[in-house]
Amino acid sequence: MCTSSSSDVKDVLLSHFNISSLTADLLLLRGINTPYNAYTFLNPDLSLCYSPFYMNQMDEAVGIIKNAVTHKRKIGIFADSDIDGLTSLTLLTHLLDLLKVQYYYRYPVGDELYGMTIPIIDEFKKNNIDCIITLDSGVRDIDEIAYARNLGMDVIVCDHHEPSENLPDAVIINPKLSTSQYPFKELAGVGVTYKFCLAILLSYTKYFDTYIIVIASSQNSILYNIIHRGRAIVHGSVSSIHEIKQLIKQYTSAILFNYDVPDAIVLNHKVYYNIKDFVNELSPIHELVKGCIKDLFPTPVDYATMLVFKIQYQQSKKILQFIQDMLPLVAVGTIADMMPMIDENRILVSNGIAYFDKTNHCGLKVIREYISKTMNTDTIGWDISPLLNTPGRFGKTKLAADFLLEKKSSKAQKLLQEIVELNKERKNIVQSLVSKFSDVNSIGDNTLRVICSDEIPDGLTGIIANRLADQLLQPVLVMSDKPDAEIIKGSGRSRNNFDFFTSVSRYDHLFEKLGGHNHAFGFSIKKENIPILLKELNQTLNCSSMECDIQKYDYELPIDYITFELLEELKLFEPYGIGHKPFVFLSRNCKISQYFIINGKHCKLIINGSITLEAMAWNSADKYKHMLKQYVPVDLLYTVKANEYNGLISPLLIIENISQSQVLK
Ligand SMILES: [Mn+2]
């Protein structure tokens with residue numbers, strides 16, 4: 001018997017795809033080890049997204065909205081004030097405008113605490129709201145939601161935060177519910193909002209509640225898949241076409257899609273389509289696939305079902321327009337919220353980036369023009385997010401929200417100018433605070449760095465914690481102290497895959513509010529509880545679970561392999577992000593022909609490869625200058641970036657580590 005080894009798997013990939021041996025290795029490194037997974041990875045098509053109706057209670061939520069449309073009820077929206085929350089707000093209000101539903105929206109402003117509050121609910125009540133939707137928040141606001149329910153309001157929680165043990169008395173759409181059937185847990189808040197909006201739009205399409213039967217032939221049998229609201233609910237195989245008749249009887253007025261079953265015409269079914277009539281139009285060809293795409297799917301009926309989803313996607317112009325306009329915002333919110341760039345997030349983000357050129361969303365058009373760079377995860381993460389985040393950090397969330405919700409481009413341009421000015425100010429303040437606090441002594445044997453100061457504004461705790469975690473490579477808590485305040489706000493950040501949030505969540509009871517993800521969270525806490533929390537954390541945080549892994553690399557290759565072609569190959573793996581970082585390569589015995597120290601702190605290297613390569617080692621002049629002076633052969637750990645300069649694109653190595661090569665005997 002032969003067992004499958006990784007080289008067998010690699011051969012299988014190479015036999016199905018026009019890819020290099022290196023690309024096959026890199027796919028395997030990211031756990032992509034079947035032809036089907038490789039196909040969906042290399043071709044992240046929107047038709048591969050999961051149906052919104054896999055979410056628990058999506059039906060009820062859609063029902064409440066449709067009821068509001070019919071009875072002209074006014075809807076109250078509460079969104080979180082970060083980019084994920086505000087992009088969520090933009091999506092939902094855009095949809096409600098399309099549906100001509102009135103709404104009143106709210107997000108935390110000024111000194112308000114994270115999450116929904118009783119005064120905000122009273123405010124909704126005063127504005128004649130009897131249905132509240134919380135976006136990117138709400139799943140832990142149990143008491144507040146109970147209060148709203150007591151006032152007779154419907155509440156829909158549309159959130160992606162980790163629920164606590166008890167759930168609020170609401171209709172909850174959240175893939176992280178322990179009972180959730182949704183196949184992917186890591187959507188951003190705006191990802192969940194997007195799903196909710198799509199579900200509402202789909203509910204207005206003609207065949208929304210119609211069953212679809214897909215049949216395909218496979219050797220001696222006919223395979224079938226029964227689909228309802230985008231979910232494959234039943235599948236199986238039969239030996240003759242007459243058995244399909246039984247299915248048709250069972251699912252009355254179903255639509256029948258046939259792929260390749262020769263005598264299906266005998267079924268004489270009213271609503272019948274031959275998928276092959278659409279195949280050219282869908283043009284499911286992919287330059288990287290050798291042979292037939294069908295062979296990449298587990299079964300022919302899976303392939304046929306994918307084609308049916310593709311056909312359905314083309315059906316509604318309104319839905320396509322909504323996706324085209326709004327998906328770039330989903331990409332922005334997902335990246336800004338640091339969600340892992342895997343699975344469905346990869347599909348949403350890569351298509352969202354592609355739609356940046358097509359969107360009619362006013363703010364996005366204005367910001368794209370202002371940034372004027374190629375759109376990718378770096379541009380969104382390093383240029384767009386910081387801009388949109390800035391107003392909130394100064395307690396001016398309204399400025400960012402107004403910008404995102406603005407529908408006139410002249411007005412959006414003015415708002416963006418204001419944001420740009422504020423961003424300059426923000427950069428100066430952060431820089432001085434980070435350099436000040438990176439020297440302050442830490443508590444607890446370097447396990448945890450805690451900073452609590454009245455010099456740190458509320459809105460900057462997150463960004464300062466982020467910078468400090470980058471510099472110190474350890475978990476960091478940053479709090480904004482206020483001498484006369486009873487409750488203060490703060491943020492936690494960690495690095496090196498350490499799940500700081502879970503450690504902190506154990507002390508949930510000590511916090512007023514606590515919300516976030518593995519590496520990043522925000523909180524508010526009574527001052528008197530801080531010493532208790534720190535004492536507990538110090539006992540819990542385990543040094544060994546937080547070790548750095550900076551010396552790790554993904555793949556070793558000769559420096560000669562770094563070419564323009566390699567850049568093209570690495571592009572196949574975009575978009576990168578959390579959970580799917582750019583590959584770290586190791587090249588041994590590299591010759592550095594020249595080096596420059598820039599601004600006294602960065603090193604720029606010129607390396608002889610098959611082409612002349614440039615490399616940057618940021619903030620490490622002191623560390624490397626003695627070794628570089630000797631011009632000895634070195635081993636390099638680095639990632640590769642496409643450097644855009646004057647319209648020309650060339651590889652740029654971003655150095656993670658340089659060490660003197662060991663001479664082989
Ligand atoms: Mn979020």
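**Entry 1: a proline in a loop**

I started at P575, which sits in the loop between helix 21 (564-571) and strand 17 (585-598). Helices (H or I, at least four residues) and strands (E, at least two) are DSSP runs, numbered from the N terminus. The peptide bond from E574 to P575 is cis, with omega near -5°. This is a predicted model, in which local features need pLDDT of at least 70 and side-chain atom pairs count only at pLDDT 80 or more, while totals for chains, interfaces and linings use all residues. Residue numbers run from 1 along each chain as its sequence is written.

**Entry 2: positive phi**

Most residues other than glycine have a negative phi, and most peptide bonds are trans. I looked up some exceptions for phi. N589 belongs to strand 17 and has a positive phi of about 50°, though it is not a glycine. N589 is partly exposed, with 15 C-beta neighbours inside 10 Å. The cut-offs I use: a residue is buried if 20 or more other C-beta atoms lie within 10 Å of its own, exposed if 12 or fewer, and partly exposed in between, with C-beta atoms placed from the backbone.

Q219 is not a glycine either, and its phi is positive at about 40°. I found Q219 in the loop between strand 6 and strand 7. Is Q219 buried or exposed? Q219 has 7 other C-beta atoms within 10 Å, so it counts as exposed.

An open sheet of five strands has the order 8-7-6-9-10, and its pairing is mixed. For pairing, DSSP must find at least two bridges between two strands. Strand 8 (231-238) and strand 10 (272-274) are the edge strands, each pairing on one side only. From one strand to the next, the twist averages 20°.

Strand 6 (residues 212-218) and strand 7 (residues 221-228) run antiparallel and are joined by seven bridges. S217 has I222 in strand 7 as its bridge partner. On strand 7's pairing with strand 8, I noted seven bridges, again antiparallel. There I222 has V238 in strand 8 as its bridge partner. Strand 7 and strand 8 form a hairpin with two residues between them, and R229 in the turn has a positive phi of about 50°.

Which helices lie against these strands? Helix 9 (residues 241-250) packs on the sheet and touches strand 6, strand 7, strand 8 and strand 9 (255-259). Its direction makes about 15° with that of strand 7. Helix 11 (residues 300-315) lies across strand 6, strand 7, strand 8 and strand 9, at about 140° to strand 6. Axes here are lines fitted to C-alpha atoms, for helices over the stretch in contact, and angles run from 0 to 180 degrees between N-to-C directions. Contact means C-beta atoms, placed from the backbone, within 7 Å.

I then checked an open sheet with the order 11-12-13-15-14, where five strands pair in a mixed way. Strand 11 (449-453) and strand 14 (511-517) stand at the edges with a single partner strand each, so one side of each has no neighbour in the sheet. Neighbouring strands are turned by 15° against each other on average, direction ignored.

Strand 11 and strand 12 pair in the parallel sense over five bridges, and C452 has M479 in strand 12 as its bridge partner. Strand 12 (residues 476-480) and strand 13 (residues 487-493) run antiparallel, also joined by five bridges. V476 has R493 in strand 13 as its bridge partner.

**Entry 3: cores**

Where are the nonpolar residues gathered? A nonpolar core is a set of buried Ala, Val, Leu, Ile, Met, Phe, Trp, Tyr and Cys residues joined through C-beta atoms within 7 Å. The largest has 88 residues, and L92, I156, I173, C197 and A331 have the most contacts inside it. Helix 12 (residues 317-336) gives the largest share of this core, 10 residues. Domain 2 (52-203) and domain 4 (361-435) both give residues to this core, so it lies between them. Those domain bounds come from an automatic or database domain assignment. Not counting residues up to four places away in sequence, C197 touches L91, L92, L95 and F322. A second, separate core of 27 residues includes I451, I488, F511 and I525.

Methods: Two residues are in contact if their C-beta atoms, placed from the backbone, lie within 7 Å.
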